[in-house]
Amino acid sequence: MAEGELKLLGLWGSQFVNRVRMILEQKGLSYEYFEENFVNKSELLLKHNPVHKKVPVLIHGDRAICESLVILQYIDENWSGTGPPVLPANPYDRAIARFWAAYVDDKLLPLLIDTLKAETEEAKAEIIAGVHAVLEMLEGAFKKCSAGKSFFGGDSIGYLDVTLGSYLAWIRAEERISGAKLLDETKIPSLTEWGNRFLAADCVKKVLPSVERVEALARMLIAKEKSSRLAN
Amino acid sequence: MEEAKGEEVTLFGFWSSPFVHRVIWALNIKKIKYKYVEEDLCDKSALLLEHNPVYKKVPVLVYNGIAIADSLIIVEFIEETWKENSIMPQDPYEKAVARFWATAAGDGLWQFFITEGKEREEALTSVINNFELLEKELIGKNFFGGDRIGYLDISVGWISYGVPIFEEITEFKIITEQKFPLLHAWMEAFSNSEFVKDTLPPREKLSERYRNVWEAIMQKKN
């Protein structure tokens with residue numbers, strides 16, 4: 001397919017969008033990016049994702065692909081000859097990567113949303129403990145998946161790297177807001193090192209928003225939550 | 001039956017779980033011989049907890065000593081490991097569509113089942129919108145997979161018995177022949193297929209199970 005036929009609908013702060021952008025970057029695929037409005041969804045978005053009306057949506061010619069993890073697999077399978085693979089080749093390794101990616105979204109997303117709403121110190125402490133527990137689980141997963149290499153995907157960044165890695169901007173912003181250390185090298189040494197390698201990669205640097213920007217967004221959302229609670 | 005020398009496939013399941021049924025259907029289509037272990041969900045076996053320490057749930061597939069959890073992940077693993085009798089489409093876009101609907105098709109159905117009033121109305125709107133789109137996926141086909149049952153049929157197959165049971169308990173019909181002719185026909189074709197027919201527990205037993213679950217939830221709310 002000719003270049004210029006790929007479009008991506010997204011939101012700059014969305015970890016789901018950013019993981020897709022990182023893989024597109026790594027694969028060297030050009031695309032037209034459309035920044036959506038959180039409140040006023042575009043006609044293009046409503047047309048191409050009538051079910052969930054959410055980003056990311058990858059539009060490839062006349063095809064629309066929704067759901068970040070589905071999109072990552074589509075990119076992997078449609079451009080299998082270009083750039084490093086997204087998922088491993090072996091069926092068992094693929095199943096493990098899929099399992100942990102689903103686990104990441106299943107556990108981290110609700111915790112992230114809770115950080116925006118938490119009012120009391122107890123609530124905040126519980127969330128921090130929750131994030132620690134998830135990251136400790138992933139420390140173990142990293143050791144198994146990487147088998148001594150740099151990334152979950154081996155030598156290059158892959159499916160599970162970008163799924164978890166896309167949360168790093170939010171995790172680091174939350175560290176600043178809460179004062180708690182989440183990427184604690186004493187508790188999760190391998191994962192902390194992985195995080196540093198991940199953030200240094202080109203395809204990540206070009207995509208992941210700065211921690212300052214994400215912190216500002218998070219603070220704005222927290223304030224918004226607070227004022228809507230007080231209004232009720 | 002396909003089973004290479006020294007290979008062993010075990011499925012840990014629970015009789016009424018739609019997630020377990022997905023794996024059974026995939027194993028049947030692929031003609032894979034397996035050992036089935038029925039779990040007591042109130043008293044999970046040590047083996048299950050060892051094989052799925054993260055979620056402690058069924059289904060879990062154990063193949064040559066290694067464990068895979070999560071029904072859709074297991075189905076893709078089965079497809080990739082045993083090459084004969086393919087269930088996934090070949091085209092990457094068709095795969096993407098199937099993977100999307102595998103999880104989206106059920107959106108709203110559980111909420112419809114366990115809520116009332118305005119909440120139920122909202123859930124129903126979502127369900128009907130999804131079913132209208134799913135109906136379009138069946139145009140010109142007997143199954144979502146085309147002539148044969150495929151990954152999407154397996155993934156949403158629980159609708160073929162689950163929705164009629166929800167309809168019975170809530171006394172509200174969603175999938176009528178008039179409103180969703182293709183989906184209605186698909187439900188029948190799927191249930192009667194050789195790979196599905198003898199896999200399900202008796203309808204009355206399933207109905208009773210769903211009713212008990214529903215009553216327990218509704219009681220808790222009131």
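**Entry 1: terms and ground rules**

Before looking up anything that sits between elements, I note that helices (H or I, at least four residues) and strands (E, at least two) are DSSP runs, numbered from the N terminus. I am working with a predicted model, in which local features need pLDDT of at least 70 and side-chain atom pairs count only at pLDDT 80 or more, while totals for chains, interfaces and linings use all residues. Residues are numbered from 1 along each chain as its sequence is written, chains are lettered from A and ligands numbered from 1 in the order in which they are written, and side-chain values use heavy atoms, with hydrogens and water left out.

**Entry 2: chain A as a whole**

I began with the elements of chain A, and found 10 helices and 4 strands. Read from the N terminus on, they run β-α-β-α-β-β-α-α-α-α-α-α-α-α.

I then asked how the radius of gyration of chain A stands against that of a compact globule. For 232 residues such a globule would have a radius near 17 Å, and chain A has 18 Å, which agrees; the radius is taken over C-alpha atoms, and the globule rule is 2.2 Å times the number of residues to the power 0.38. Along its principal axes, the C-alpha trace of chain A spans about 55 × 45 × 25 Å.

Next I looked up burial, where buried means under 20% relative accessible area, exposed over 50%, and partly exposed in between (1.4 Å probe, protein chains only). Buried residues account for 50% of the 232 residues in chain A. The accessible surface of chain A is about 10,800 Å², and 53% of that surface belongs to carbon and sulfur atoms; such areas come from the Shrake-Rupley method with a 1.4 Å probe, and for residues only the protein chains shown count as cover.

For contacts, meaning heavy atoms within 4.5 Å, I took the pairs in chain A that are at least 6 apart in sequence, and 68% of these join residues at least 24 apart.

How many residues of helix α3 of chain A are buried? This helix, residues 68-78, is mostly covered, with 10 of its 11 residues buried; among them I noted A:L69, A:I71, A:Y74 and A:D76.

In the loop between β4 (63-66) and α3 of chain A I found A:E67, which has a positive phi of about 80° although it is not a glycine. Its relative accessible area is 33%, so A:E67 counts as partly exposed.

**Entry 3: cis peptide bonds**

In chain B, the peptide bond from B:V58 to B:P59 is cis, with omega near 0°, and B:P59 has its place in the loop between α2 and β3 (60-63) of chain B.

The loop between α2 and β3 of chain B is also where I found B:K56, a residue that is not a glycine but has a positive phi of about 55°. At 39% relative accessibility, B:K56 is partly exposed.

Is B:H51 buried or exposed? Its relative accessible area is 18%, so B:H51 is buried, and I located this residue in helix α2 (residues 46-51) of chain B. Leaving aside neighbours within four places in sequence, I found B:H51 in contact with B:F12, B:V60, B:V62 and B:A67.

B:D40 lies in the loop between β2 (35-38) and α2 of chain B, and with a relative accessible area of 43% it is partly exposed. I also checked B:D40 against B:P18, which is 22 residues away along the chain, and the two C-alpha atoms are separated by 16 Å.

**Entry 4: what the UniProt record marks**

UniProt positions are given in the numbering used here, feature names are shortened, and annotations may be inferred rather than shown by experiment.

For chain A, UniProt lists "domain: GST C-terminal" (unreviewed entry) at residues 90-230; I found this span to be 76% helix and 0% strand, with its end C-alpha atoms 53 Å apart.

For chain B, UniProt places "domain: GST C-terminal" (unreviewed entry) at residues 91-213, where the chain is 66% helix and 0% strand and the end C-alpha atoms are 40 Å apart. The UniProt annotation "domain: GST N-terminal" (unreviewed entry) covers residues 7-86 of chain B, a span of 36% helix and 21% strand whose end C-alpha atoms lie 20 Å apart.
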